[in-house]
Amino acid sequence: MSAQRVGVRALQRVARPNAFSQSIPRVMLASLQARPASTTPLTPTEAQSLLASQRLNRPVSPHLSAYDYKQTWFSASVWTRITGGGFTTALYLFSLSYLAAPLTGWHLESASLAAAAASLPVGVKAGLKFLVTWPFMFHLFNGSRHLVWDLAKGFSKPVIKNGNWGIWGASLVSALGIVAFL
C-alpha cells in the first residue's frame with residue numbers, strides 16, 4: 001500500500017506545474033530547448049553503409065581492453081568461467097561418447113569405469129580426484145559469492161581482494177579434504 005502511495009505521490013509532483021517554468025517566458029524557454037545539430041536525409045543504402053562503418057569502430061563486447069588484468073585475470077571471476085566451461089565441455093564429450101559407445105565398441109558402462117578406476121595406483125587416483133574436485137569446489141564457492149554479489153553486497157576493493165584469496169584457499173583445502181577422506 002505504501003509503495004502505491006509513493007507512486008501516486010510521484011505522479012502528482014510531475015503533473016504539478018513547476019514554478020521555474022511558469023516564470024520564464026515561453027520564447028526564452030524555447031531558445032533553451034533548441035538543438036544546434038542538424039540532420040541530413042539519407043537513402044536506405046547510405047544509412048546502412050553509415051551504420052556499418054559505425055559498427056566497425058565499436059569494440060567487441062566485452063572487449064578485452066576493458067578488463068584490468070591485475071583484478072580480473074587471476075581473480076576468481078575469470079576462473080569460474082573457465083571451470084564452468086570445462087565442466088560443460090566434459091559433460092558434452094562424455095555424453096556423446098556414451099551415446100557412441102555401442103557403435104564403436106567402447107565400454108563406458110558404470111561397472112567398466114569402476115573397474116578401470118579401481119585398477120589405478122593410489123597416487124593416480126588421488127590426482128584424478130583432485131583434478132575433478134578442485135574445479136567443482138572452486139566453481140561452487142565462487143558461484144555462491146556471485147549470488148551474494150547479485151544482492152549488491154561486497155563490492156569494495158578490499159572485500160573483493162580478500163574474497164579472491166578466500167575462494168582460492170577454501171577451494172584448495174576442501175578439494176584436498178575430499179581427496180583425502182573420500
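The model is predicted: local features need pLDDT of at least 70, side-chain atom pairs count only at pLDDT 80 or more, and totals for chains, interfaces and linings use all residues. Residues are numbered from 1 along each chain as its sequence is written, and side-chain values use heavy atoms, with hydrogens and water left out.

Me: How many helices and strands does the protein have?
Reply: Helices (H or I, at least four residues) and strands (E, at least two) are DSSP runs, numbered from the N terminus. Along the sequence the pattern reads α-α-α-α-α-α-α-α-α. The count is nine helices and zero strands.

Me: What percentage of the residues of the protein count as buried?
Reply: Buried means under 20% relative accessible area, exposed over 50%, and partly exposed in between (1.4 Å probe, protein chains only). The protein has 182 residues, and the share of them that counts as buried is 14%.

Me: Where does S171 lie, and is S171 buried or exposed?
Reply: S171 lies in helix 9, residues 157-181. Its relative accessibility is 0%, so S171 counts as buried.

Me: Which residues is S171 in contact with, leaving aside its neighbours within four places in sequence?
Reply: Contact means heavy atoms within 4.5 Å. With the neighbours within four places left out, the partners of S171 are W134, M137, F138 and F141.

Me: Which residue has its backbone oxygen 3.0 Å from a polar atom of the side chain of S171?
Reply: A polar contact is a pair of N or O atoms within 3.5 Å; within protein, one must be able to donate a hydrogen and the other to accept it, and residues adjacent in sequence count only if both atoms are side-chain atoms. The backbone oxygen at 3.0 Å from the side chain of S171 belongs to W168.

Me: What do the buried residues of helix 9 pack against?
Reply: The buried residues of helix 9 are G163, N164, I167, S171, S174, A175 and V179. An α-helix has 3.6 residues a turn, so residues three or four places apart point the same way. The buried residues of helix 9 pack against helix 6 (76-104) and helix 8 (122-150).

Me: What span is expected for helix 8 at 1.5 Å a residue?
Reply: The expected span of a helix is 1.5 Å times one less than its number of residues. Helix 8 has 29 residues, and its first and last C-alpha atoms are 41 Å apart, close to the expected 42 Å.

Me: Why is the pair of W134 and W168 stacked?
Reply: Rings of Phe, Tyr and Trp (its six-membered ring) pair if their centres lie within 6.5 Å; planes under 30 degrees apart count as stacked, over 60 as edge-to-face and the rest as tilted. The structure holds seven aromatic pairs. The ring centres of W134 and W168 are 5.8 Å apart and the planes are at 25 degrees, so the pair is stacked. The pair links distant parts of the chain, 34 residues apart: W134 in helix 8 and W168 in helix 9.

Me: Which residues make up the largest nonpolar core?
Reply: A nonpolar core is a set of buried Ala, Val, Leu, Ile, Met, Phe, Trp, Tyr and Cys residues joined through side-chain atoms within 4.5 Å. W134 counts as buried at 15% relative accessibility, whereas W168 is partly exposed at 22%. The largest nonpolar core has five residues: A76, W134, F138, I167 and A175. At least two residues of this core come from each of helix 8 and helix 9.

Me: Is A152 buried or exposed?
Reply: A152 is found in the loop between helix 8 and helix 9. Its phi is positive, near 60 degrees, in a residue other than glycine. At 58% relative accessibility, A152 counts as exposed.
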